[in-house]
Amino acid sequence: MLLAAVLAAVPALRAPSLLALGGAAVFVLLVGVTSGRAFAVPWAIAGLGAEYALALGGAGLDARVPLYAVSLLVTAELAYWSVQLRGTAADEAGIAQRRVIGLLLGATAALLVCTTLVTLARVQLGGGLAAEAAGLAAAVGALALLLVAVRRTSGA
Amino acid sequence: MTRSPTPKLGAYAGLTALGMLAALALGRPELAVLASPFAIAIAVGVPWAGDPRIRVWVHPERDRMVEESEQEVEVEVEAQEGALRVEVLLVLPRGLEAVGDNPVARRLQARTSREITFRVLARRWGAYRLGEVAVRTTDRFGFFSYEARLDESRPLKVYPHPEWLRTMLRPLETQPFGGNQVARAKGDGIEFADLRPFVPGDRLRRINWRASARRGDLWVNESHPERNTDVVIFLDTFAEARRGDLGTLDMAVRASASLADQYLSHKDRVGLVSFGGVLNWLTPATGIAQLYRIVDSLLDTEIILSYAWKDIEIVPRRTLPPQALIVALTPLLDERAVGALLDLRTRGFDLAVVEVSPEPFTPVPEDSLGEFAHRLWRLRREALRDRFRTLGVPITEWREGVGLQAPIEEVRAFRRYARVRR
């Protein structure tokens, strides 16, 4: 929750009017975690992301976005973990440590990828319709690949 | 194992799609970067997700227990693929309870079995099946959950908690076989009965020399022989009164098991008639095997609703031997059981009734009409008891929280002063 509060506060430093949106997202997350309702988590994350997007305004490429992105992932993971821990099963010692280690490794890997993406975004390749079309096709293709992978593994 | 996607998978996919589309729409690459960790998680996690193929073996400590006792049940779990957190639930039927954590979560390494120990408390007597295990786990990224109910169950018998008994009801008549009961008739035995003049054929060791010296003639001791008896436990299973985990049937079953144990330990023959929606009977026999037969039969006892009129005629004749003592355990709630008992009495059977009182299980209504109805019901029950007493049948009320010895003593006292009307 502390991480979510920080994520809500950071964009509000640029645009204080967005603090309400961030606060609402943190509240939704708080309700979801305390009541054990997992469906609240993506809405809260989306809210925090929207706050960040609105705070960007017309500024140039934000170099801190990888940190923010990874923090959102970590927030979501911790929130789902909290919801899972509200179950009745008692954990044995050691599970939490392994999970934290796994989360840190995942976050580090995500940070590397995000940093690479930001670096690539800074490269000026020249605009044009072809580049826009290629970018759109790549985005749609990536989404389609994800959906196919999800559907295939769901049916397995 | 049944595999199903978790809400997390849909949430991450949705966040990814939202971020990507927003990035395209707004022309802000930051939003694509924001969505990329979720996309990476799905891209890496989904192909890696695989069925952990969990297997389970259940090893109970014992297959027989006594009510209110505990035993350890070891559950051996093995996964073909490692799982960070596997929830294991030992499914317990009503009447059995877990002492301690159930379910528990354990980490499983690939192809390495782990033993989880559960403590199980037998709360109520009965025949159960123990060993069904429900397991649930997720893949490493938590995108898919895998659930299975693995049935490794085996029978578990929970015997009723014995009631403490010091003395037993003595039957009016004994049987011709040797036992521990002192017969009313005279014959070879240990208990002194009377003196009589010596007749040719009497053994010298039976001569009472002191009496002979005083009377100037030979007198011999007579004694009561030790015989066994036939006892039939009559269990009324037409209806019961119940509150929570305790009911009149539970009390009656415990009493039946204790009575059977006590009589059989005195070398008597004991039979069982479970008279209710379903008729069960065991012909009288003796020995430890008969005790197990009776207790096993009691474990299957349950109230089965039936509207069919049944009388004592449907009980096989050999189940009720002549001169047998019939100890009835009944809540006196069903006309058919009451009729059968009165019928037994009119046929000359030596009958004693322990009324397992349903009154503690029947709260008094708070409204005046309900209270009046309750009083009327109690008066009718009292009239019913008087009807038994008029026929010379000892009847005593046994309430929850009172030892079985108390009603048995009451019946003994009644029989001490009352005699069977032939």
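## Basis

The model is predicted: local features need pLDDT of at least 70, side-chain atom pairs count only at pLDDT 80 or more, and totals for chains, interfaces and linings use all residues. Residues are numbered from 1 along each chain as its sequence is written, and chains are lettered from A and ligands numbered from 1 in the order in which they are written.

## Chain A

Chain A has 6 helices and 1 strand, in the order α-α-α-α-β-α-α from the N terminus. Helices (H or I, at least four residues) and strands (E, at least two) are DSSP runs, numbered from the N terminus.

Of the 156 residues in chain A, 29% are buried (20 or more other C-beta atoms within 10 Å of the residue's own, with C-beta atoms placed from the backbone). Among contacts in chain A with a separation of 6 or more, 66% join residues 24 or more positions apart; a contact requires C-beta atoms, placed from the backbone, within 7 Å.

## The sheet in chain B

Six strands of chain B form an open sheet with mixed pairing, in the order β19-β18-β15-β20-β21-β22. Strands pair if DSSP finds at least two bridges between them. Strands β19 (280-285) and β22 (395-398) of chain B are at the edges with a single partner strand each, so one side of each has no neighbour in the sheet. Direction ignored, neighbouring strands are turned by 20 degrees against each other on average.

Within the sheet, β15 (residues 230-237) and β20 (residues 325-330) of chain B pair in the parallel sense over 5 bridges. B:V231 stands opposite B:L325 in β20(B).

Angles run from 0 to 180 degrees between N-to-C directions, and axes are lines fitted to C-alpha atoms, for helices over the stretch in contact.

Helix α4 (residues 248-265) and helix α5 (residues 288-299) of chain B pack at about 175 degrees, with axes 10 Å apart. That makes α4(B) roughly antiparallel to α5(B) (an angle over 145 degrees). Residues in this contact include B:V253 and B:L264 of α4(B) and B:L291 and B:L298 of α5(B).

## Contact between the chains

The contact takes 44 residues from chain A and 43 residues from chain B. On the chain B side, α1 (7-26), α2 (29-48), β5 (83-91) and β7 (104-108) each supply at least two residues.

Strand β1 (residues 90-91) of chain A runs parallel to β7(B), joined by 2 bridges. A:A90 stands opposite B:V104 in β7(B).

Terms used:
Parallel < 35°, antiparallel > 145°, perpendicular 65-115°, else oblique. Contact = placed C-beta atoms within 7 Å. Buried ≥ 20, exposed ≤ 12 C-beta atoms within 10 Å, placed from the backbone.
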